[in-house]
Amino acid sequence: MLGKRKRVVLTIRDKLDIIKKLEEGISFKKLSVVYGIGESTVRDIKKNKERIINYANSSDPTSGLSKRKSMKSSTYEELDRVMIEWFNQQKTDGIPVSGTICAKQAKFFFDALGMEGDFNASSGWLTRFKQRHGIPKAAGKGTKLKGDETAASEFCGNFQEFVERENLQPEQIYGADQTGLFWKCLPARTLALDTEQSTSEYRSSRERIIIMCCANATGLHKLNLCVVGKAKKPRAFKGTDLANLPVTYFSQKGAWMERSVFRQWFDKYFVPQVQKHLKSKGLLEKAVLLLDFPPAHPDEEMLSSADGRIIVKYLPPNVTSLIQPMSQGVLATVKRYYRAGLMQKFVEEGIDPKTFWKNLTVLDAIFEVSRAWNMIKSSTITKAWKKLIPASEENAGVNIDEGAILAANLATVLQSTEACEHVDIENINQWFDSRRKDSSHQGLPDCERTEQPCKAAGKRPSGKVRKAELNPERHISHRVALEWTENLLDYLEQQDDMLLSDKLVLRRLRTIIRRKQKIQSTKSHS
């Protein structure tokens, strides 16, 4: 009599391997013998194929597909989604996040979403959250990490050996990296607005898209920019065929480069375009794509061409600022060209800054940033590879500071433009290098803001404002407050360009009002 079969629990990696072998025609029976499982288990894996693959695509390689055995999701899925969107936003803005800050933010979002249950942002919750999304442990609390020079040096040596071993030419070596672009960011001193109200209304927007630049080490093959926006088809795209855009456009609710988006870009755009380019050069259709450390990308083993000749390699953690080619001035120069082009467009249109700002659409931004990417010289890209491919520096040409030339030319043009007379090179350079969190480059300078109430003092306030001033003690019921809040929330939900955090503030207010209304109702019936 045969003994009872030992229970085997497969890892996610094992299940992916079984799916692959089933597609190759290997029978259920043979696979059940090889892996020591029942045929029914193999059939269940085939039945859940799509779910397993989607989970693997959305998981980070550092979370260990070769060790992980379950596909458990968070108990509070909406909270989990909001938290990872918030975390990625902090990462994009360069803001360090400690475990304490992360836990406090989770508690805030839990209340703001009006969720029910006994949620505790404990150390156990934090550990599971980090494991689900492959977030590595920080080296220090509340501090930005410096580049790991030892790891960078070791990777450079290993990468050069890999290139020699695989006999790859610079034409076959590609790099890609992404960055957030706040496409309505305007220099402070151009926004000469008339009233205090308009000052707050027309400060530079938080509207953001993700752009990803990809090119080979020669700089001669630049793929179209990959752009990720929030809306599938923004209002500004009306009448525009997505196929005719000068970029490869994807949509994602939080405007993030999710693993599924990256996988789609890699399979449908990167691989075919690289194969076509190498064929035109008479080279073997073999290449490597160098990527930043995850969690933005799928597992290395899942990113390769069908024939396995086009593969990816990941940089080790914490070396992006030191050796990631696109972070050696390429992405920064794209942003500078974009912002310079934006100002040139403003000057050419000859309208006031406020009107220009209001009329600017995401479609305008896409065409402008595409133009900026096309203006990047091959020598700029080649120079960015000098640490990974030392020989490439010889062909980089003269070292010219493109940003300094742009700033000087743009300052000269703007100083002769109405409403921009006070712009100088320093102001332009600050704007070129500004981030979203650096608000000093997005609103009016303090000296201009303080004058606004004086200018507005002679204006007659609106009837609604006067009514509010005359009735400072006017009582507003919970029912009315709730109705206003829900109407405003409905409005925000209809807008494609509103951040989730903005909606959460209102959701939290709605929860508070509902609570108060319930308490009042209970008291009145007692």
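Which residue just after helix 2 takes a positive phi? In this predicted model, that residue is Gly 36, with a phi of about 70°.

The protein chain has 526 residues, of which 45% are buried. Its secondary structure consists of 22 helices and six strands. Among contacts with a separation of 6 or more, 71% are between residues 24 or more positions apart.

Helix 2 spans residues 28-35, and its buried residues are Phe 28, Leu 31, Ser 32 and Tyr 35. Viewed down the helix axis, the buried residues of helix 2 lie within an arc of 105°, so they line one face of the helix. An α-helix has 3.6 residues a turn, so residues three or four places apart point the same way. The buried residues of helix 2 pack against helix 1 (12-23) and helix 3 (39-47). On the face of helix 2 turned away from the buried side are the exposed residues Lys 29, Lys 30, Val 33 and Val 34.

Ser 305 is located in the loop between strand 5 (287-291) and strand 6 (310-314). The relative accessibility of Ser 305 is 6%; because the cut-off for a buried residue is under 20%, Ser 305 counts as buried. With neighbours within four places in sequence left aside, Ser 305 is in contact with Phe 266, Val 271, Gln 275 and Ile 310.

Definitions and conventions:
Residues numbered from 1 in each chain as written. Predicted model: local features only at pLDDT ≥ 70, side-chain atom pairs only at ≥ 80, totals over all residues. Heavy atoms only, no water. Helix = DSSP H or I, 4+ residues; strand = E, 2+ residues; numbered from the N terminus. Buried < 20%, exposed > 50% of the residue type's maximum accessible area, 1.4 Å probe, protein only. Contact = heavy atoms within 4.5 Å. Arc of directions from axis to C-beta.
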